[in-house]
Amino acid sequence: MGQFITIIKDTSLCAIVAVHELMYSGQIIMGQYVKSSYIIGLYAVIAMIYFCINSLILLISKKAVKEII
């Protein structure tokens with residue numbers, strides 16, 4: 001199960017799309033709405049979003065493994 005999650009997170013497509021899209025969205029938000037003093041907070045929110053996406057993938061894979069077994 002852990003290996004499955006690692007493979008999903010480490011595939012070039014997922015890593016590039018997820019990280020690049022989140023960082024690009026952060027730059028757009030930063031440029032339009034956020035003052036430069038909130039940069040660290042914005043990147044912290046982006047990191048939490050990435051963590052939540054990965055946690056969701058982990059939960060789905062655990063449920064899938066339970067159904068198979």
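Ile53 sits in helix H3, helices being DSSP runs of H or I with at least four residues, numbered from the N terminus. The model is a predicted one, where local features need pLDDT of at least 70 and side-chain atom pairs count only at pLDDT 80 or more, while totals for chains, interfaces and linings use all residues. Residues are numbered from 1 along each chain as its sequence is written, and side-chain values use heavy atoms, with hydrogens and water left out.

Overall, the protein has three helices and zero strands (a strand being a DSSP run of E, at least two residues).

As for burial, 12% of the 69 residues are buried, meaning under 20% relative accessible area with a 1.4 Å probe and protein chains only; exposed is over 50%, and partly exposed is in between. In H3, the buried residues are Leu42, Ile46, Asn54 and Ser61. Ile53, by contrast, counts as partly exposed because its relative accessibility is 40%.

Over in helix H2 (residues 12-32) there's Met30, which is buried at 18% relative accessible area. Leaving aside residues up to four places away in sequence, Met30 touches Ile39, Leu42 and Tyr43 (contact means heavy atoms within 4.5 Å). Met30 and Leu42 are 12 residues apart in sequence, with 7.7 Å between their C-alpha atoms.
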